[in-house]
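Please find below a colleague's note on the structure under review. It is arranged as numbered points for reading beside the coordinates.

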Amino acid sequence: MAITKLNQSQSSNGAQNEQQLSKDCDELLSTLPKERGQRTPNLYFYQGFWCQPKEIQAIMSVQRNFIAQDSDIILATIPKSGTTWLKAISYAIVNRYNFPVQNDHPLLSSNPHELVPFLEYKLYADNNIPDFSTFPSPRLVATHVPFSALPESVKRSGCRVVYLARNPFDTFVSIWHYLGKLRPESLGPLPLEEAFDAYCRGVIGYGPYWDHLLGYWNESLEKTGKVLFLRYEEMKQDANAQLKRLAEFLGFPFSIEEEKGGLVENISNLCSFQTLKDLVVNKHGKGAIFADSENKDLFRKGKVGDWINYLTPVMAERLTNIMNEKLSGSNLSFSVL
Ligand code: A3P
């Protein structure tokens, strides 16, 4: 797929340099509330969520330029809630006629983020405008932005949105580990307590997490055919059942013959944590999301309940109380162990 570079002076790597931003974005940033960042010097509160400067610029461009088609599929998550997994299974389901599950499957040689690009980190990053004319149909793209900040055409068109939610405890621990890998040395280490306090105040990329969850949750209740709300914990418990749900929602249901032939299990195995983690591209590859990131950091433990090894009972109680308060009345809750 071709990407047009509008402004060659923009850096194409993942480095977060506020000086590389457009004038529009620079001016906007100076008006926004800001907090100390975790991967960049600052996080800004833009359209109701916390975000890094470079991504704000890209999101502005997505909102202006991305025109959704009815056949599009948008995968939405907050970072570290299983995006890589969701991309892999969605890609495998939708492309199973072109790419049967066998030895030369694209997922065996490419990281899922290369096959299903992010709107804000890849397609519209660095002042790029993607040329979708060579993009396979249905267009499968991903985003971390909250529902409220999706381009209007996504909300109005018949395109489908899949949201994957993960319990906030494991999501926090996962993002803390990941930020530890990505954070430039100049910012120093990120103490767990400091990161946790920010998280509890809602200050995390694309957060507050409770708002992110509720935006997609409410939409999934109101428009069942438009937004599918999946949970990481349920996928871990019964991946095959969730795969079937997803395939049905996407308009690519498994036939009885496919089910009998074991295709659901085969896709589930192809996309399992261990299969993906052990692949050469994911052990030694780089740059699937940011130029400066290693693919192996996308596969840590892949478990439910690992938070117990990091959060004290006092921390757990604080986050439980916050989530209970923020999600009260929504019927949304999480199993965390
Ligand atoms: P942990 O850090 O808890 O291990 P994202 O893909 O949104 O960046 O989320 C990363 C989290 O999902 C990490 O969690 C990672 O290990 C886990 N993960 C990645 N691939 C997975 C898979 N195929 N199955 C289950 N979990 C996966």
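1. Confidence. The model is predicted, and its pLDDT averages 93 over the protein. A score of at least 70 is reached by 94% of the residues. Residues 2-17 call for caution: pLDDT stays under 50 there, although the model has 43 contacts for this stretch beyond four places in sequence.

2. The unreviewed UniProt entry carries the annotation "domain: Sulfotransferase" for residues 70-330. In the model, this span is 46% helix and 8% strand, and its end C-alpha atoms lie 29 Å apart.

3. Strands in the order 2-3-4 form an open sheet with antiparallel pairing. Strand 2 (34-36) and strand 4 (49-51) each have a single partner strand, so one side of each lacks a neighbour in the sheet. From one strand to the next, the twist averages 30°. Three bridges join strand 2 and strand 3 (residues 42-46) in the antiparallel sense; in one of the pairings between residues, arginine 36 has asparagine 42 of strand 3 as its bridge partner.

4. Helix on that sheet. Helix 2 (residues 53-65) lies across strand 3 and strand 4. The angle between helix 2 and strand 3 is about 30°.

5. An open sheet with parallel pairing has the strand order 7-5-8-9. Its edges are strand 7 (140-143) and strand 9, each of which pairs on one side only. Neighbouring strands are turned by 20° against each other on average, with direction ignored.

6. Helix 9 (residues 209-222) lies across strand 5 (73-76), strand 7, strand 8 and strand 9, and runs at about 130° to strand 9. Helix 11 (residues 239-250) also packs on the sheet, where it touches strand 5, strand 8 and strand 9. The direction of helix 11 makes about 170° with that of strand 9.

7. Which residues of strand 8 face strand 9? Leucine 164 has leucine 230 as its bridge partner, and alanine 165 stands opposite arginine 231. Strand 8 (residues 160-165) and strand 9 pair in the parallel sense over five bridges. Although strand 9 is an edge strand, five of its five residues (227-231) are buried. Val227, Phe229 and Arg231 point one way, whereas Leu228 and Leu230 point the other way.

Methods: Residues numbered from 1 in each chain as written. Predicted model: local features only at pLDDT ≥ 70, side-chain atom pairs only at ≥ 80, totals over all residues. Heavy atoms only, no water. Buried < 20%, exposed > 50% of the residue type's maximum accessible area, 1.4 Å probe, protein only. Helix = DSSP H or I, 4+ residues; strand = E, 2+ residues; numbered from the N terminus. Pairing = 2+ DSSP bridges. pLDDT = per-residue confidence, 0-100. Contact = heavy atoms within 4.5 Å. Axes fitted to C-alpha atoms, helices over the stretch in contact; angles between N-to-C directions. UniProt positions renumbered as here; feature names shortened; annotations may be inferred.
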